Amino acid sequence: MQTSATSVSSGATRRILYASYKLNHDLADRLAHEAESRGWQMDFQVSLTKEIPGTWSGDGIITPENSIDKPMRSFFARAGCPVLSLNFNTIPSGVPCVVPDFGESSRRAAEHFLERGFRHYLFCSYSAEGSYHTQQTMAAFCQRLETEA
């Protein structure tokens, strides 16, 4: 899966690498659509070949990887372009990451229950107990409930 077009604003095509050993089709489709609307080229070679390229020249790298292994980190360092993680279960150190505001959504959920007069609560999560998502969500949810106690 690859999309390409020439950017209207600068005349240069931006190249973005999707660096993941596994292809998340929904995410890849959304990224490809967004890239195409901006006149960028998305490169999915890592997902398709399961190999990190020896060299790659582009404008940015997006990775949804849970854990970034040593070869991938080394590749990111050699690439010489910005790297962005879209994974929020395990935030890789040293890689900027886009995550939702788990605290705000949890506070709103707690307020929903408080406004309806609920008095007993149970927190359940589909994520692993130690994941960033679960820690942030549970902490904000419990903190909001404790302010009413």
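Lys50 counts as partly exposed, at 48% relative accessibility. On this scale, buried means under 20% relative accessible area, exposed means over 50%, and partly exposed lies in between (1.4 Å probe, protein chains only). Lys50 sits in the loop between helix H2 (45-49) and E3. Its phi is near 60°, a positive value in a residue other than glycine.

This is a predicted model, in which local features need pLDDT of at least 70 and side-chain atom pairs count only at pLDDT 80 or more, while totals for chains, interfaces and linings use all residues. Residues are numbered from 1 along each chain as its sequence is written, and side-chain values use heavy atoms, with hydrogens and water left out.

**The fold**

The protein chain has five helices and four strands. Helices (H or I, at least four residues) and strands (E, at least two) are DSSP runs, numbered from the N terminus. Read from the N terminus on, the order is β-α-β-α-β-α-β-α-α. Of the 149 residues in the protein chain, 34% are buried.

How do the strands pair? Strand E1 (residues 14-18) and strand E2 (residues 40-43) run parallel, joined by four bridges. Two strands pair if DSSP finds at least two bridges between them. Within this pair, Arg14 stands opposite Trp40 in E2. E1 is also joined to strand E3 (residues 60-63), by three bridges, and these two strands run parallel as well. Here Leu17 stands opposite Ile61 in E3.

E1, H1 and E2 make a right-handed β-α-β unit. Right-handed has a set meaning: with the strands pointing away from the viewer, the path from the first strand over the helix to the second runs clockwise.

**Buried residues in the strands**

Asp43 belongs to strand E2. Thr63 lies in strand E3, and Ser85 lies in strand E4.

| Residue | State | Relative accessible area |
|---|---|---|
| Asp43 | buried | 7% |
| Thr63 | buried | 0% |
| Ser85 | buried | 0% |

A polar atom of the Asp43 side chain lies 2.9 Å from the backbone nitrogen of Gln45. A polar atom of the Thr63 side chain lies 2.7 Å from the backbone oxygen of Ala19. A polar contact is a pair of N or O atoms within 3.5 Å; within protein, one must be able to donate a hydrogen and the other to accept it, and residues adjacent in sequence count only if both atoms are side-chain atoms.

For Ser85, look at Ile68. They are 17 residues apart in sequence and 9.8 Å apart in space, C-alpha to C-alpha.

**Cysteines**

How many disulfides are there? The count comes to zero. A disulfide is a pair of cysteine sulfur atoms within 2.5 Å. Cys81 is buried, with a relative accessible area of 13%. Cys124 counts as exposed, because its relative accessibility is 61%. Cys81 lies in the loop between helix H3 (70-79) and E4. Its C-alpha atom is 7.1 Å from that of Gly58, 23 residues apart along the chain.

**A pocket**

Rolling a probe the size of a water molecule over the atoms shows where empty space is left. The second largest pocket holds about 200 Å³ of space. A pocket is found on a 1 Å grid over the protein atoms alone: it is an open set of points where a 1.4 Å probe fits, with protein on both sides within 12 Å along at least five of seven lines. Lining residues have an atom within 4 Å of a point. Grid points are joined across faces, edges and corners, and the volume is the space filled by probe spheres set on the points.

Which residues line the second largest pocket? There are 15, of which Ile16, Trp40, Gly60, Ile62 and Leu84 lie nearest its centre. The elements giving two or more residues to this lining are E1, H1, E2, E3 and strand E4 (83-85). H1 gives the largest share, four residues.
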